[in-house]
Amino acid sequence: MQENRVVAKYFGVVFAAALASGCSVSPKETGNGTPEQAGTELGKSVYTINCSEVVQPEESVELDGIDSLMDDHQFYAALARIEAMSLDTQTHWLMWAQLLGHVGQLDYSEEVFGAIVNSCHSSRAYHGLGVVLVKQQKLQAAREMLESAKAMAPADASIRNDFGYALIKSGEYGRAAFELRTAYELAHGRGTATHNMVAAYYLNGGPAALDELRNDVQVSEKQLRAGVELARRILGDAS
């Protein structure tokens with residue numbers, strides 16, 4: 001379904017690079033939101049969020065085109081395309097929030113995801129906000145958001161993967177290994193969960209833990225090396 005593809009696009013936490021920040025975008029500029037100043041739990045602004053999950057066929061075609069731009073890493077063009085649409089569903093709002101993050105507008109992305117959380121209380125909104133917070137190194141808040149998303153959708157591989165990665169970044173390697181092993185199995189070994197799982201096992205138990213993985217799951221030597229390298233990069237970032 002379209003809404004599930006939208007969320008999956010956002011979660012390349014391990015390998016995503018923060019792009020340079022340019023001119024900020026707001027709903028007032030696009031005509032697609034109504035920000036009002038208020039003291040809220042998750043953000044300074046309140047937007048008029050539509051939490052509907054129903055995407056009309058003609059909108060689905062346009063969203064598929066935006067998906068294609070995202071597949072090609074043309075995030076600025078994708079952002080322009082979503083801003084040309086009316087934000088009629090939660091899927092539209094989530095896509096706008098994630099694209100703001102992809103072009104380096106992390107503060108705005110956090111604000112919009114926070115507004116969606118406050119309005120819709122969906123696992124997708126908590127997940128998106130958690131990923132943005134990880135990118136901003138707000139790890140305690142990120143863990144809280146991702147744990148909330150996990151509680152709402154415990155069989156979602158992307159959520160378990162990103163929660164596990166946040167735990168690695170926080171130095172909670174044992175918990176991370178559990179979450180990432182779960183993500184790996186839910187994803188049938190696809191995506192970033194494999195490298196993240198290897199990194200968590202290595203950080204938690206060293207070479208002996210890698211031997212355990214060799215015996216338990218179908219992880220190649222190339223994947224093991226990539227996971228160990230990821231673990232070393234994470235330790236280097238923390239030092």
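The structure is a predicted model, in which local features require a pLDDT of at least 70 and side-chain atom pairs are counted only at pLDDT 80 or more, whereas totals for chains, interfaces and linings use all residues. Residues are numbered from 1 along each chain as its sequence is written, and side-chain values use heavy atoms, with hydrogens and water left out.

The pLDDT, which is the predictor's confidence in each residue on a scale from 0 to 100, averages 84 over the protein chain, and 80% of the residues score at least 70. Over residues 1-40 the pLDDT is below 50, although this stretch has 99 contacts in the model beyond near neighbours in sequence; a contact denotes heavy atoms within 4.5 Å. Where pLDDT is low, predicted coordinates should not be read in detail.

The largest nonpolar core comprises 66 residues, and those with the most contacts inside it are Ile66, Ile82, Leu99 and Ile116. Helix H11 (residues 193-216) supplies the largest share of this core, namely 10 residues. Such a core is a set of buried Ala, Val, Leu, Ile, Met, Phe, Trp, Tyr and Cys residues joined through side-chain atoms within 4.5 Å. Burial is assigned by relative accessible area: under 20% is buried, over 50% is exposed, and values in between are partly exposed (1.4 Å probe, protein chains only). Helices (H or I, at least four residues) and strands (E, at least two) are DSSP runs numbered from the N terminus. When neighbours within four places in sequence are set aside, Leu99 is in contact with Ile66, Met70, Phe75, Ala78, Leu79 and Ile82. In soluble globular proteins, nonpolar side chains tend to be buried together.

Aromatic pairs were assigned to rings of Phe, Tyr and Trp (its six-membered ring) whose centres lie within 6.5 Å; planes under 30 degrees apart count as stacked, over 60 as edge-to-face and the rest as tilted. The count by this rule is 3 aromatic pairs. The ring centres of Tyr47 and Trp96 are 6.3 Å apart with planes at 80 degrees, so this pair is edge-to-face. Tyr47 is located in the loop between strand E2 (45-46) and helix H3 (57-71) and Trp96 in helix H5 (residues 90-102), so the pair ties together parts that are 49 residues apart in sequence. Tyr47 and Trp96 are both buried, and together with Trp93 they form one aromatic cluster.

Salt bridges, each defined by a side-chain nitrogen of Lys or Arg within 4 Å of a carboxyl oxygen of Asp or Glu, number 12. In the bridge between Arg124 and Glu53, the closest N and O atoms are 2.5 Å apart. Arg124 belongs to helix H7 (residues 123-135) and Glu53 to the loop between E2 and H3, so this pair ties together parts that are 71 residues apart in sequence. Arg124 is buried, at a relative accessible area of 10%, while Glu53 is partly exposed at 37%. A salt bridge also joins Lys138 to Glu110, with the closest N and O atoms 2.9 Å apart. This pair links distant parts of the chain, as Lys138 lies in the loop between H7 and helix H8 (139-152) and Glu110 in helix H6 (residues 106-120), 28 residues apart. Lys138 is partly exposed at 36% relative accessibility, whereas Glu110 is buried at 16%.

Cys51 lies in the loop between E2 and H3 and Cys120 in helix H6, so the pair ties together parts that are 69 residues apart in sequence. The torsion about the S-S bond of Cys51 and Cys120 is about -90 degrees, so the disulfide is left-handed. Cys51 is partly exposed, with a relative accessible area of 30%, and Cys120 is buried at 16%.

Most residues other than glycine have a negative phi. His73, in the loop between H3 and helix H4 (75-83), has a positive phi near 60 degrees and is exposed, at a relative accessible area of 60%. His121, in the loop between H6 and H7, likewise has a positive phi, of about 50 degrees, and is partly exposed at 44% relative accessibility.

Note on methods:
Disulfide = S-S within 2.5 Å.
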